[in-house]
Amino acid sequence: KGMVPEARNEFQLALETNPASESARLWLGKSYYRLNNLERAEEELQKVIKQNPKNSKVFIALGRVLGKEKKFEIERETYHKALALNSLNSEAYVNLGISWYNSRDLKEAIRCFKRAAEINAYDPWAFNNMGIALFKGDEFKEAEEALRKALKINDKLADIHTNLALIYWQK
């Protein structure tokens, strides 16, 4: 997806031009994440937090880095910081749910995905992830309903079709 190394270079040039550019530093951190340089990603994102501790987007980006490093407890604390800044941030709830799912706590994961769907009823990923967690918990009917809602929002996402097919495969 995209030309990430080239984008990273441009974000670095932007920071040379304006070292205080919060946006360039946030995207630089995200580009290091995409390049799987998690240490540099975390370093750049921490700089953004130091510069502006009220930027909820950077906490979500940092949470993803921490999750990829399997630092689930710190990851969840980071998403809670994003939610403290904006309690209606459905993206933070989806990511928090993914963290709980990866820690094998389906009940908490489902709770987070449901909250994300309540906040943003047009987020197919909230319903998709809810469906996956429900499926893992052997709640096939509810999982199918969640995935059907995701498809009503966007029927062009192959992952959702695949997840629904897996439910049918297991029935």
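Reader: Is K114 buried, partly exposed or exposed?
Author: This is a predicted model, and K114 has a relative accessible area of 42% in it. Buried means under 20% and exposed means over 50%, with partly exposed in between. The value of 42% therefore makes K114 partly exposed.

Reader: Which helix does K114 lie in?
Author: The helix in question covers residues 106-119. K114 lies within that stretch, and the helix is α7.

Reader: How many residues apart in sequence are K114 and F127, and how far apart are they in space?
Author: Along the sequence, K114 and F127 are 13 residues apart. In space the distance is taken from C-alpha to C-alpha, and it comes to 7.7 Å.

Reader: What percentage of the residues in the protein is buried?
Author: The protein has 171 residues. A residue counts as buried when its relative accessible area is under 20%. The buried share of the residues is 42%.

Reader: How much of the accessible surface belongs to carbon and sulfur atoms?
Author: The accessible surface of the protein is about 10000 Å² in total. Of this surface, the part belonging to carbon and sulfur atoms is 52%.

Reader: How far apart are the mean positions of the positive and negative charges?
Author: The protein has 28 positive and 24 negative charges.

Definitions and conventions:
Residues numbered from 1 in each chain as written. Predicted model: local features only at pLDDT ≥ 70, side-chain atom pairs only at ≥ 80, totals over all residues. Heavy atoms only, no water. Buried < 20%, exposed > 50% of the residue type's maximum accessible area, 1.4 Å probe, protein only. Areas by Shrake-Rupley, 256 points an atom, 1.4 Å probe, with all protein chains shown as cover. Lys, Arg positive; Asp, Glu negative; His and termini not counted. Charge placed at Lys NZ, Arg CZ, Asp CG, Glu CD. Helix = DSSP H or I, 4+ residues; strand = E, 2+ residues; numbered from the N terminus.
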